[in-house]
Every structure is written in structure tokens, then in C-alpha cells.
Amino acid sequence: MNENSDQDAKKFLILLQERVAELLTLSLAPKNWPDEINFEDYQKFRKMMGECLSFLIIIERRIEQSESSKKEELSEQFDELTTAIWSILLDGSLGFLNVISKIDFLPIGTKHVFVQELKTLYDAEKVLKQEKFEKYLKNDVLSHRHKAERILEQVIDRAPQLLQLEI
């Protein structure tokens with residue numbers, strides 16, 4: 001069973017690398033069309049985000065089951081991919097929030113995007129602050145935290161109704 005866990009983990013890590021590349025491409029949509037929110041691109045980004053995060057849970061479990069000498073190598077690959085995913089999510093969320101912050105009249109559905117991306121920013125910061133991911137972080141990821149705060153302030157100033165909860 002342990003050898004199967006190692007093989008599964010290796011296979012899943014390779015598949016996850018492919019998904020991370022797709023996630024990166026999808027995260028660039030707001031940069032390619034900075035003047036409008038494209039909900040189709042946004043949904044693709046969120047779907048791939050969910051797949052990547054789910055994959056992380058599966059892989060982590062396989063690595064935890066490993067008792068082989070490859071466990072440390074697998075864990076390092078896992079941590080590197082975890083950092084890459086959360087860095088991409090942070091950047092993608094900032095991109096979508098940046099588009100929202102530039103729109104004078106926000107379309108229907110923007111509140112959902114705002115709330116989702118606010119949560120993603122919070123989760124990304126929480127994960128990326130962990131000491132075990134520090135060695136994989138690039139300087140631009142660290143600077144995105146400050147940028148996120150500025151964008152959120154702009155969105156709140158332009159559309160305070162986004163924060164009002166409907167009960």
C-alpha cells in the first residue's frame with residue numbers, strides 16, 4: 001500500500017503541475033481584458049481553482065501514508081506546488097478585483113465575485129504566511145498583499161452596497 005501511495009502521489013503531482021499551468025493561464029484573463037469583468041473567464045478560473053485545491057487534499061493524504069525514503073522529496077514537491085497554486089490564486093484574485101475597482105457601474109454578479117475573491121485573498125495570505133512555504137515565495141507575491149488592501153479599499157469606496165448582506 002505504501003508503494004502505491006508513493007506512485008499515486010507522483011502521478012498526482014505531475015497531473016497537478018499541468019492543472020497549475022492551466023490555472024496560471026486562466027488567472028491572466030483580467031490582465032488581458034482589464035476594462036470589463038468576463039464572468040465566463042471568472043467561472044473557469046474558479047472551477048480550476050477548486051480542482052487544484054481538491055487535488056492538494058488528495059495528494060497530501062497520499063504523502064502522509066508514505067513511509068518510504070521518497071516521502072521528503074514528495075513533500076517538497078507538494079509544498080512547492082501548494083505555494084504556486086496559492087500565489088496564482090492571489091494574483092488572479094487581485095486581477096479580478098482590479099477590474100472591478102475600475103468599473104463605475106458594477107454589473108449584476110459583481111457582489112459574488114467580490115465576496116469570493118475577498119475570501120481567496122484571505123485564504124491565500126493565511127496559507128502563504130506559513131513558514132514551510134517561505135523558501136518558495138517570490139518577492140512579487142509578498143508585495144501583492146499591500147496591493148490587495150488598496151484594491152479592496154477602492155472597491156469598498158466605489159460600491160459600499162457590495163458589503164451589505166441580504167438576509
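Colleague: Which element gives the largest share of the lining of the largest pocket?

Modeller: Helix α4 does, with six residues. Please keep in mind throughout that this is a predicted model.

Colleague: Which elements give two or more residues to the lining of the largest pocket, then, and how much space lies in that pocket?

Modeller: The largest pocket holds about 300 Å³ of space. The elements with two or more residues in its lining are α4 and α6.

Colleague: Which residues lie nearest its centre?

Modeller: The lining has 13 residues, and those nearest the centre are Ala-84, Ser-87, Ile-88, Lys-138 and Val-141.

Colleague: How does that lining divide into nonpolar, polar and charged?

Modeller: Six of the lining residues are nonpolar, three are polar and four are charged.

Colleague: You mentioned α6. Which element has the lowest mean pLDDT, and which the highest?

Modeller: Helix α6, residues 139–158, has the lowest mean pLDDT among the elements of the chain, at 67, whereas α3 has the highest, at 92. For the chain, the mean pLDDT is 82, and 83% of the residues reach 70 or more.

Colleague: Let me step back. How many helices and strands are there?

Modeller: The chain has six helices and zero strands. From the N terminus on, the order of elements is therefore written α-α-α-α-α-α, with helices defined as DSSP runs numbered from that end.

Colleague: What share of the residues is buried?

Modeller: Of the 167 residues in the chain, 41% are buried. As for contacts with a separation of 6 or more, 84% are between residues 24 or more positions apart.

Colleague: Which residues line the largest cavity?

Modeller: Its lining consists of Ala-29, Pro-30, Trp-33, Glu-36, Ile-37, Asn-38, Asp-41 and Phe-96. Five of the lining residues are nonpolar, one is polar and two are charged.

Colleague: How does one find such spaces at all?

Modeller: A probe the size of a water molecule is rolled over the atoms, and this shows where empty space is left.

Colleague: A new topic: where does Ser-66 lie?

Modeller: Ser-66 is in the loop between α3, residues 39–65, and α4, residues 71–102.

Colleague: Is Ser-66 buried or exposed, and why?

Modeller: Ser-66 counts as buried because its relative accessibility is 2%, and buried means under 20%. Its side chain also makes a polar contact with the side chain of Ser-68, at 3.3 Å.

Colleague: What reaches the backbone oxygen of Ser-66?

Modeller: The side chain of Lys-71 does, at 3.4 Å. Lys-71 is placed in helix α4. Leaving aside residues up to four places away in sequence, Lys-71 touches Ile-63, Glu-64 and Ser-66.

Colleague: Why does Lys-71 count as partly exposed?

Modeller: Lys-71 counts as partly exposed because its relative accessibility is 32%. The C-alpha atoms of Lys-71 and Ser-5 are separated by 9.9 Å, although the two residues are 66 apart along the chain.

Colleague: Lastly, where is Glu-125?

Modeller: Glu-125 is in helix α5, residues 110–128. With a relative accessibility of 30%, Glu-125 counts as partly exposed.

Conventions:
Residues numbered from 1 in each chain as written. Predicted model: local features only at pLDDT ≥ 70, side-chain atom pairs only at ≥ 80, totals over all residues. Heavy atoms only, no water. Helix = DSSP H or I, 4+ residues; strand = E, 2+ residues; numbered from the N terminus. Buried < 20%, exposed > 50% of the residue type's maximum accessible area, 1.4 Å probe, protein only. Polar contact = N/O pair within 3.5 Å; in protein donor to acceptor, adjacent residues only side chain to side chain. 1 Å grid on protein atoms, 1.4 Å probe; cavity = no way out; pocket = protein on both sides within 12 Å on 5 of 7 lines; lining within 4 Å. Nonpolar A, V, L, I, M, F, W, Y, C, P; charged D, E, K, R; others polar. pLDDT = per-residue confidence, 0-100. Contact = heavy atoms within 4.5 Å. Points joined across faces, edges and corners; volume = space filled by probe spheres on them.
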